[in-house]
Amino acid sequence: MVTKEKAIQKSSPIKQKFSPIKIDALLKRLDLVKHLAESDYWITTEELGALLDFDASLLEWLNQQEPLYSFSWRNFIVTQQGYQNHARMWAIADQPQKPRQVSIAPERKQPLIQPVSNSEAGRIAIVPEPLKLKSEKDEGEVFPSSYFVLENFLSPQELTRFLQYTQSQAAKFVPATISTQDVDYRRTKVLHDFPEFSQLLINRMMAIAPQVVSRLGIQNFTPSSIEAQLTMNNDGNYYKIHNDNGSSDTANRVWTFVYYFHREPKAFTGGELLLYDSKIENNFYVAAKSYKTIQPKNNSVAVFLSRCLHEVLPVSCPSKQFLDSRFAVTGWVRN
Ligand SMILES: O=C(O)CCC(=O)C(=O)O
Ligand SMILES: [Fe+2]
């Protein structure tokens, strides 16, 4: 008697074409590729060739035809990232229609952040404004940029000491540079070394790190390092649209904090921080038309994801006095 199983075994075209061993190898390959996509690891052209069973020299050739070449492989997209030690590096990601990195939990789609509990003594959450759309005709899915602001972040005594300290360091501020060397992109002066206060702020930020992780809807991680920079924006200063993790040496920055302070009464206007929502284009985050406006309020700290595009609008400070500037400590927490 011919059993059903035997009949299937006998007649199945799949059985003849793909042996279980081939399927097994394919599954292993898919698992490896998935693992690389999830871990965001970069690999060389040779490694990519071995992984996908492609001719690495063909990949090299294709890439020469089109810099930053990108191609689809099954439900993944493979993109050239640049060079490291003269080797071309590639990153693998899920296809854009199923973006893994922006798997936003339903509550993160709300533009509002829950108010801070009373246990955070003296700190008040500012409820973010609803989305503003520059045009009603906004194409594609928009991923709102989560952020929150805490007010009265340092004690009044700490704030006074910080202002006095900043004034004492005025001569040490230097013009800021950015990685692309575009001189018109950022007009600001910075102080890189201010150990007393950078440590104080970093400690305070680390104390609220679990809260940051849950409010921004990201996975918990142990920071590998935290940098901080003190900036002064005086008359005509600004910082055009950018993200904080867009180069290979900043790629592991996960979240950014900006602590604002200035002397009272406030002697500048402008300097708002615009935090753009995101869209995905060619597997990269780009700015959506919508954005939120964060006021650089004295003694407040704003927290957002380093990958979110943002800009600092020009500051008007008629007196041009150092101490009348818009001061901010920007910090980056790396994974
Ligand atoms: O000063 C601000 O509001 C933001 C500064 C900033 O974006 C940066 O330093 O990367
Ligand atoms: Fe920034």
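**View 1. Helix H7 and its length in the predicted model.** In this predicted model, H7 comprises 13 residues, and its first and last C-alpha atoms lie 18 Å apart, close to the 18 Å expected at 1.5 Å a residue. The helix spans residues 195–207. The protein as a whole has eight helices and 18 strands.

View 2. Phe197, Leu201 and Met205 are the buried residues of H7. These three lie on the same side of H7, because the arc they cover around the axis is only 70°. An α-helix has 3.6 residues a turn, so residues three or four places apart point the same way. The exposed residues Pro195, Glu196, Gln199, Asn203 and Ala207 are on the other side of H7.

**View 3. The seven-stranded sheet.** The sheet is open, its pairing is antiparallel, and its strands follow the order S5-S15-S11-S18-S9-S8-S6. At the edges are S5 (147–150) and S6 (174–175), each of which pairs on one side only.

**View 4. Strand S11 between its two partners.** Nine of the nine residues of S11 are buried, so that the strand is mostly covered. S11 runs antiparallel to S18, to which eight bridges join it; Val258 has Thr330 in S18 as its bridge partner. With S15 (residues 300–305), S11 pairs in the antiparallel sense over six bridges.

**View 5. Pairing of strands S8 and S9.** Three bridges link S8 (residues 189–191) with S9 (residues 225–233), and the sense is antiparallel. Lys189 stands opposite Met232 in S9.

**View 6. The whole chain, for context.** The protein has 335 residues, of which 27% count as buried. Where contacts join residues at least 6 apart in sequence, 73% are between residues at least 24 apart.

How values were computed
Residues are numbered from 1 along each chain as its sequence is written. Chains are lettered from A and ligands numbered from 1 in the order in which they are written. This is a predicted model: local features need pLDDT of at least 70, side-chain atom pairs count only at pLDDT 80 or more; totals for chains, interfaces and linings use all residues. Two strands pair if DSSP finds at least two bridges between them. Helices (H or I, at least four residues) and strands (E, at least two) are DSSP runs, numbered from the N terminus. Two residues are in contact if their C-beta atoms, placed from the backbone, lie within 7 Å. Axes are lines fitted to C-alpha atoms, for helices over the stretch in contact, and angles run from 0 to 180 degrees between N-to-C directions. A residue is buried if 20 or more other C-beta atoms lie within 10 Å of its own, exposed if 12 or fewer, and partly exposed in between; C-beta atoms are placed from the backbone. The expected span of a helix is 1.5 Å times one less than its number of residues. The arc is that of the directions from the helix axis to the C-beta atoms.
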